[in-house]
Amino acid sequence: MTSSIDAAADTGSPYDRLILPDKVHGSLYTDARIFEEELRKIWYRTWVFVGHESEVAQPGDYVRKRLALQDVIMTRDRDGEVHLLLNRCAHRGNQVCDDAKGNSSTFRCPYHGWTFRNNGDLIGFPFFKGYGGRQLDLALGRVPRMESYHGFVFGSFATDGPSLIEHLGAAAGEIDRLAQLSPLGKVELNAGWLQHQTRSNWKLLAENETDGYHPQFVHGSIFGVTGSTIGPLYSDASTAVTRDLGNGHSENDLRPEFRKFAQPMRWFGTTESRVPDYVAAMRAKHGDQADRILIEGAPHVMIFPNLFIAEIQVFNIQPVAVGECVQYSTAVQLAGAPELNKRMVSQCVGSVGPAGMLLADDTEMYERNQAGLAALDPEWLDVRRGMNREVRDENGFKIGSATDETGMRGFWSHYKKLMEAQ
Amino acid sequence: MTTEAQLVEVPTGFDRSEVEQFLYREARLADESQYDEWEALWTDDALYWVPVGGQGGDPRREMSVIYDNRNRISTRLKQLRTGRRYAQAPQSNLRRLISNIEFLGGVTNPDGAIDLEVGANFLVIESRARDTHLWGGRATYRLRRDDDTLRLVYKKVVLVDNDRPLPTLGFLI
């Protein structure tokens, strides 16, 4: 047996010492220097989910967002183009936008009255003679690259690198599956966001999102009192699989379980007869594929590093410090499905956010987990569950059973690659 | 379900000291996590709402921290009673102050009678393993006279910081 320290001597990468195939070191969650390095090598480099185009539906709409520690203004200009601007005046760095959202074609800095168009261009500054003219080669800062997929807006601070679609890889198909549930093929995130302060490292959340081992324990209280059918999906007997989708993305693929029952809308905890207009619209759109789509339901996918789509709800995780992050959560809204949308808001409000009957308990685990990591021994977190039965599916992806840690191992493998890059 | 009701004049038959005693009792039952007694305060058409972003928009279309009808209040309390609602197991230690109580008006209820709308400021001190947290804001209550007793029809809790990230809210606010 080679100890972790010996392994490190072989390659020299500190992450070879900290991330092993079957365990990861506790300092990854608690060391402020590692967090600083994550900001540079992950949050300010790779594609990070910021918001959704439907949040700025009309020209002039803007909404304040976070990208890690950056205060970002997502705007839609008069030509309909979406921008990710940085909330910092080009003059002396004051914030130019202080409302959470609104509609305006310009942002005027309150400090010296500099005014910027909502595409970032500087359009005016008072007493121009002091600058020798009316033009300056200054503008609002921006996230250098912005791309969207089905309206999900991602930003990258790397001026070049993989495209969004390359980053998403197989996870793009999961967003497709979500959009397909709209009779118009369109997802919207326009129900507003809850903001849940979480005193734990962001990676505990990213790992937990496709951890099928915890639901029966953490959520047993709510499954029990509501008679929920979710629990068995994440049991030892479940036919669902945990899939490493590559690039740090992972999913709990619940379709095998839903196919077994073959009941349309069971994934949503309801039946066809309760949402007749929606089902009719889906049948009109998808014909003989409709039953399959309505049986298989929505994805449960964690997109590295911070977008979690959990069937009917979407989470945006943003770090604040090594031991703190914020979970932003909202209900999926499907264009052309008003019957479903109200139900999704209602279910989502019951489940997520600071008082959510599911997520408040997850968050309690994150915070206790972070507190537990302060203990000095043992130094490691074990991620070996299911290594003994991991196989490749027909597309070459690693899959484990419903309760296996296959997703976490995929996360760490990609994390290590990013952190080892210069 | 009514959320922002058209107010009529303050109805008769509500004594100020009786109303204050009711609000203090509701506060104490919540502070002491006496779930059965707290649940018994509510009418069948109950609505318990904690909005975000100030006063909140249409709660049927927008996210809220809590938007519970009577049925969901019952579910929430059943979960708490399991003792495995980890966000509130162990329970928080709580005490709250209520002040600035104002009779705001009346709301016509489905039976044609008039419920009383009352506003009050509150400050809750919550102590739990994580830390001690101050929750402050304004609550709007609607009270119904039911024979000799008062019942709670509606409680809307507007936290002063509901436009910012909030920590876990596991107790009854």
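Trainee: Which residues have the most contacts inside the largest nonpolar core?

Mentor: This is a predicted model, in which local features need pLDDT of at least 70, side-chain atom pairs count only at pLDDT 80 or more, and totals for chains, interfaces and linings use all residues. Residues are numbered from 1 along each chain as its sequence is written, while chains are lettered from A and ligands numbered from 1 in the order in which they are written. A nonpolar core is a set of buried Ala, Val, Leu, Ile, Met, Phe, Trp, Tyr and Cys residues joined through C-beta atoms within 7 Å. The largest one has 142 residues, and those with the most contacts inside it are A:Val50, A:Met74 and B:Met63.

Trainee: From which domains of chain A does this core draw at least three residues each?

Mentor: Domain bounds come from an automatic or database domain assignment. The centres of the two domains, taken over C-alpha atoms, lie 35 Å apart. The core still draws at least three residues from each of domain 1 (56-143) and domain 2 (169-420).

Trainee: In what order do the four strands of the open sheet in chain A run?

Mentor: Strands (E, at least two residues) and helices (H or I, at least four) are DSSP runs, numbered from the N terminus. Two strands pair if DSSP finds at least two bridges between them. Here the pairing is antiparallel, and the order is S6-S5-S4-S7.

Trainee: Why is one side of S6(A) and of S7(A) left without a neighbour in that sheet?

Mentor: S6 (82-86) and S7 (101-103) stand at the edges.

Trainee: Which residue of S7(A) is the bridge partner of A:Val63?

Mentor: Strand S4 (residues 61-67) of chain A runs antiparallel to S7(A), and three bridges join them. In S7(A), A:Val63 has as its bridge partner A:Lys101.

Trainee: Is A:Thr75 buried or exposed?

Mentor: A:Thr75 is found in strand S5 (residues 70-76) of chain A. A residue is buried if 20 or more other C-beta atoms, placed from the backbone, lie within 10 Å of its own, exposed if 12 or fewer, and partly exposed in between. A:Thr75 has 26 C-beta neighbours inside 10 Å, so it counts as buried.

Trainee: Which residues does A:Thr75 touch, not counting residues up to four places away in sequence?

Mentor: Contact is set by C-beta atoms, placed from the backbone, that lie within 7 Å. By that rule A:Thr75 touches A:Val56, A:Tyr62, A:His83, A:Leu85 and A:Asn118.

Trainee: How many residues of strand S16 (residues 249-253) of chain A are buried?

Mentor: Both faces are covered. A:His249, A:Glu251 and A:Asp253 are buried on one side, and A:Ser250 and A:Asn252 on the other. The count is five of five.

Trainee: Which residue takes a positive phi in the hairpin of S15(A) and S16(A)?

Mentor: Strand S15 (residues 241-246) of chain A runs antiparallel to S16(A), joined by five bridges. One of the bridge pairs is A:Asp244 with A:Ser250. Two residues lie between the strands, and a phi near 55° is taken by A:Asn247.

Trainee: Which residue in S17(A) stands opposite A:Glu251?

Mentor: S16(A) also pairs with strand S17 (residues 300-303) of chain A, antiparallel, over two bridges. Opposite A:Glu251 stands A:Val301.

Trainee: Which are the edge strands of the six-strand open sheet in chain B?

Mentor: The order is S2-S1-S6-S5-S4-S3, with mixed pairing. Each edge strand pairs on one side only: S2 and S3 (93-108).

Trainee: What angle does the direction of helix H1 (residues 16-31) of chain B make with that of S3(B)?

Mentor: H1(B) packs on the sheet, touching S3, S4 (114-127), S5 and S6 of chain B. Axes are lines fitted to C-alpha atoms, for helices over the stretch in contact, and angles run from 0 to 180 degrees between N-to-C directions. The angle is about 140°.

Trainee: Which residue of S6(B) is the bridge partner of B:Thr140?

Mentor: Strands S5 (residues 132-146) and S6 (residues 149-159) of chain B pair in the antiparallel sense over ten bridges. The partner of B:Thr140 is B:Lys156.

How values were computed: Contact = placed C-beta atoms within 7 Å.
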